[in-house]
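Try each task before reading its solution.

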Protein chains: 2
Amino acid sequence: MQLTAPLDMHLHLRDGEMLENIAKSSASTFSGAIIMPNLVPPVSSKEEVIAYKERIMAAIGDEKFTPYMTLFFKPSYDKAFLESVKEVITAIKLYPAGITTNSEGGVSGFDVEELRPALEAMSELNIPLCVHGETNGFVMDREAEFVSIYERLATAFPKLKIIMEHITTKESVEALDKFENLYATITLHHLIITLDDVAGGMLKPHLFCKPIAKRPEDRSALLKVALEAHPKVMFGSDSAPHPKHAKESCGCAAGVFTAPIALQVLAELFENEKAPLENLQAFISGNAQKIYGVTPVSKTVTLEKKAFTVPSDYNGVVPMYADETLAYSIKEVRE
Amino acid sequence: MQLTAPLDMHLHLRDGEMLENIAKSSASTFSGAIIMPNLVPPVSSKEEVIAYKERIMAAIGDEKFTPYMTLFFKPSYDKAFLESVKEVITAIKLYPAGITTNSEGGVSGFDVEELRPALEAMSELNIPLCVHGETNGFVMDREAEFVSIYERLATAFPKLKIIMEHITTKESVEALDKFENLYATITLHHLIITLDDVAGGMLKPHLFCKPIAKRPEDRSALLKVALEAHPKVMFGSDSAPHPKHAKESCGCAAGVFTAPIALQVLAELFENEKAPLENLQAFISGNAQKIYGVTPVSKTVTLEKKAFTVPSDYNGVVPMYADETLAYSIKEVRE
């Protein structure tokens with residue numbers, strides 16, 4: 001099985017030692033990835049974007065891989081600023097304040113008029129808006145409650161490309177077809193797990209993420225649009241490394257680390273569900289190229305049906321499926 | 001504030017070293033408790049009940065405390081066996097197979113005719129049936145789905161006292177008033193937390209329990225019947241100690257340890273919610289005395305409004321509210 005130019009349209013590469021430790025997990029098999037800006041402090045100036053990109057390039061070494069950089073959204077961004085920063089970013093990421101790891105400086109309330117100057121400028125400059133769509137409500141309702149905000153933004157800014165990031169609910173899937181300018185990324189883990197896997201048996205901190213995995217009917221809705229390669233849906237791993245001790249502790253951090261195993265698991269999943277390979281190719285790259293208008297560096301990943309036992313950790317980060325055996329291995333990556 | 005003869009109608013005392021370590025947490029302030037039988041192997045013979053009770057008595061030393069013993073339900077129990085065991089037990093606990101810690105030998109399927117010999121004998125002998133009411137369904141639906149089984153049992157065995165243990169949903173609260181022979185215990189933690197507290201921010205293994213904490217509207221329904229001391233509702237902590245390492249690990253065990261702080265927190269909760277002290281007295285003792293027909297050993301617990309910082313652990317078991325400060329302290333316990 002061959003996949004060409006895999007893209008991960010939602011990736012956390014972190015910074016410092018963690019960046020050094022995990023960057024190659026993505027760069028070795030993906031052609032590029034949308035890099036999330038929620039560092040401490042968040043990436044919110046042109047200089048910070050450039051400097052972060054340089055640190056990423058240093059960490060990936062000689063791999064051929066494009067980090068598509070993003071900026072942390074602030075309502076204060078004006079057109080002049082956005083024009084100047086446009087050349088170094090691919091999108092801007094909006095976080096509701098306090099909703100996930102390092103999102104304290106995000107948006108509170110979603111007053112369209114307050115957001116209008118920045119969002120209209122982005123619309124005119126054709127900069128996509130990536131959104132972590134959760135309210136501060138009850139954990140199982142947060143994303144469904146946010147759909148009305150997506151609809152408000154999509155209506156108020158009809159030319160703005162809005163990416164509903166890491167969607168987890170049937171409500172978000174339904175919103176895709178209601179508004180021309182709404183798109184979505186879906187993670188690997190939300191195609192596979194529900195809350196049952198996180199908290200239905202023993203509590204599994206390594207499957208704890210935000211948004212939290214939802215109900216079986218939500219997972220089914222996500223799986224359907226992924227397997228059919230719905231043209232508005234892209235793969236975005238939301239692969240989010242935390243050190244082992246921060247996951248297995250008294251207050252475990254949110255995030256699932258899937259970068260090194262995503263392609264192998266997707267290959268198995270699409271095969272098991274009898275979805276054609278071309279759909280996986282569209283989900284993993286083609287749709288994103290069209291939605292974002294990007295042309296990734298060439299890379300061909302050959303997968304073979306050969307058992308692969310996932311390591312217990314990658315440089316101290318525990319991946320999804322640690323110590324379990326997957327059906328597919330990566331045989332070769334050709335640039 | 002004085003509470004007399006507090007009873008904990010659902011308690012896990014475990015066995016061996018853990019029993020030694022935590023038995024006094026309950027025995028020092030409660031007059032008695034219903035002791036759950038899910039040891040390994042489960043307590044399922046008269047000899048095992050007697051031997052376990054002796055180990056408990058040894059562990060509590062000179063405290064005045066009655067362990068109300070239970071047997072692990074098996075459909076094979078016949079009337080002759082139940083007659084012989086009746087003198088050493090207060091109730092029998094039914095676990096659906098595999099639903100919680102050490103419940104592998106429990107009931108699969110709830111065929112009334114299969115259960116009839118044992119449950120009719122219990123009904124005739126006036127032995128209450130305590131039930132862990134969860135199906136194997138999706139984690140947020142398991143208890144609500146089980147309500148139809150409660151209703152089937154309550155209808156088929158109208159004279160059998162059925163205690164819906166550690167209820168967590170509005171559906172179970174509603175069932176209380178539909179069937180004369182349905183009763184319920186409610187834990188401390190389910191009066192206080194929802195799934196938001198377990199998984200809405202960081203993941204909190206020490207608040208992970210079975211049944212899992214549910215939605216805000218469920219918590220409100222539980223709180224209402226507790227605060228009004230609904231006559232069919234009793235306090236049962238489901239205090240369930242696990243060693244710290246088993247809670248803070250890759251597959252965390254279910255259970256919240258509340259025994260040493262339950263009375264203090266209940267005092268504060270009832271005060272904050274402006275419920276009369278007599279309701280707390282009924283919830284913590286009076287209702288249980290009537291439902292079970294037990295007369296506890298005398299014990300008067302005096303609480304005072306004085307800050308109490310909860311220890312980080314009690315002999316290696318992390319309690320709810322570890323390192324936090326409660327408004328009430330226990331001033332004196334008089335026998």
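**Exercise 1: a residue and its surroundings**

In this predicted model, A:Asp238 is buried, because its relative accessible area is 7% (buried means under 20%, exposed over 50%, partly exposed in between, with a 1.4 Å probe and protein chains only). Residues are numbered from 1 along each chain as its sequence is written, and chains are lettered from A in the order in which they are written. Local features need pLDDT of at least 70, side-chain atom pairs count only at pLDDT 80 or more, and side-chain values leave out hydrogens and water.

Task: place A:Asp238 in chain A and list its contacts from beyond four places in sequence.

Step 1. A:Asp238 sits in the loop that joins strand 9 (233-235) to helix 10 (244-247) of chain A (DSSP runs: helices H or I, at least four residues; strands E, at least two; numbered from the N terminus).

Step 2. Its contacts (heavy atoms within 4.5 Å) include A:Asp8, A:His10, A:His12 and A:Lys210.

Step 3. The unreviewed UniProt entry lists A:Asp238 under "active site"; such annotations may be inferred rather than shown by experiment.

**Exercise 2: a sheet in chain B**

Task: find the strand order and the edge strands of the open sheet in chain B.

Step 1. The 8 strands follow the order 2-3-4-5-6-7-8-9, with parallel pairing (at least two DSSP bridges between two strands).

Step 2. Strand 2 (7-11) and strand 9 (233-235) of chain B each have a single partner strand, so they stand at the edges.

Step 3. From one strand to the next, the twist averages 25 degrees (axes are lines fitted to C-alpha atoms; angles run from 0 to 180 degrees between N-to-C directions).
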